[in-house]
Amino acid sequence: DIIPQPLLDQYLSMTDPARAQTVDTEIAKHCAYSLPGVALTLGRQNWHCLKDTYETLASDVQWKVRRTLAFSIHELAVILGDQLTAADLVPIFNGFLKDLDEVRIGILKHLYDFLKLLHADKRREYLYQLQEFVVTDNSRNWRFRYELAEQLILILELYNPNDVYDYLRHIALTLCSDKVSEVRWISFKLVAAILRKFYANNANALGLNFINELIVKFRHCPKWVGRQAFAFICQVG
């Protein structure tokens, strides 16, 4: 009763390949773009009306369609709530994680927004996968790594100090040695944020270990760029 059934049927039919050939080649992308709005209008209790269409769009052969969904999956998660997100969106999210960079950037830009909606145990599963974002299809795509560092600064609050030390620390150190200065700069801020996280949570031993690692890796680096990195980390901290 929320919207006329014929209108909903017309919307759902937008994923039909025949429509793309005869009506508009971009029709699936338009459908994907408007899906969060349709989901919000229908409400989470009527998600079953859209679920099949969403899954069809998420596996569309056109990367632009999948990219559109990737950029809005965090918004859909807010609309659906934690239970439906865990059941129906997490598998789609996991698929996007392994997709083309053009699709992965969509979930990367809103990684914190999506992860914070998950239960702690489900969120912890992604610790193992965050390092995959360091590797891109095109190594010259430095903005991808820059975005990762920015997101990690936010994501620090979602994990305990031990998890940060075991998983996120390695990523931060890798990004601090990036070939692109912009990536290194934001990574220095990430390192400083990690140190603040340790000491704010009384994980002094982890903080001291990390500082010693920074001294060995950067302060005593034979290359001047490494020693310069140490100075910048001290400045940011």
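**Figure 1. Overview of the fold and its contacts.** Among contacts in the protein (heavy atoms within 4.5 Å) between residues at least 6 apart in sequence, 67% join residues at least 24 apart. The model is predicted, so that local features need pLDDT of at least 70 and side-chain atom pairs count only at pLDDT 80 or more, whereas totals for chains, interfaces and linings use all residues. Residues are numbered from 1 along each chain as its sequence is written, and side-chain values use heavy atoms, with hydrogens and water left out. The secondary structure comes to 13 helices and 0 strands, where helices (H or I, at least four residues) and strands (E, at least two) are DSSP runs numbered from the N terminus. The C-alpha trace spans about 70 × 35 × 25 Å along its principal axes, and buried residues (under 20% relative accessible area, with exposed meaning over 50% and partly exposed in between, for a 1.4 Å probe and protein chains only) make up 46% of the 237 residues.

**Figure 2. The two assigned domains.** The domain assignment, whose bounds come from an automatic or database source, gives domain 1 (1–118) and domain 2 (145–236). Their C-alpha centres lie 35 Å apart, and the contact between them takes 8 residues from domain 1 and 8 residues from domain 2.

Figure 3. Thr-85 is found in helix H5, which covers residues 63–97, and it counts as buried because its relative accessible area is 1%. Leaving aside residues up to four places away in sequence, Thr-85 touches Ala-77, Leu-80, Val-90, Phe-114 and Leu-118.

**Figure 4. Packing of helix H9 against helix H11.** The axes of H9 (residues 142–155) and H11 come within 9 Å and cross at roughly 15°, the axes being lines fitted to C-alpha atoms, for helices over the stretch in contact, with angles running from 0 to 180 degrees between N-to-C directions. H9 is therefore roughly parallel to H11, given that angles under 35 degrees count as roughly parallel, over 145 as roughly antiparallel, 65 to 115 as roughly perpendicular and the rest as oblique. The crossing of H9 and H11 is left-handed, a term for a near helix turned anticlockwise from the far one by less than a right angle, with right-handed used if clockwise. On the H9 side the contact includes Trp-142, Tyr-146 and Ile-153, and on the H11 side it includes Val-183, Ile-186 and Leu-190. By class, this contact of H9 with H11 has 9 nonpolar, 1 polar and 4 charged residues, where Ala, Val, Leu, Ile, Met, Phe, Trp, Tyr, Cys and Pro count as nonpolar, Asp, Glu, Lys and Arg as charged, and the others, Gly among them, as polar.

**Figure 5. Packing of helix H11 against helix H13.** The axes of H11 (residues 181–200) and H13 (residues 224–236) come within 9 Å and cross at roughly 55°, which means that H11 is oblique to H13. The crossing of H11 and H13 is right-handed. Among the residues that meet are Trp-185, Phe-188 and Arg-196 in H11 and Val-225, Phe-232 and Ile-233 in H13, and the residues of this contact divide into 9 nonpolar, 1 polar and 3 charged.

**Figure 6. Loops on either side of helix H11.** Lys-179 lies in the loop between helix H10 (161–176) and H11 and counts as exposed because its relative accessibility is 80%. The C-alpha atoms of Lys-179 and Ser-139 are separated by 10.0 Å, although these residues are 40 apart along the chain. Asn-202, found in the loop between H11 and helix H12 (204–219), is exposed at 66% relative accessibility. Most residues other than glycine have a negative phi, whereas Asn-202, which is not a glycine, has a positive phi of about 60°.
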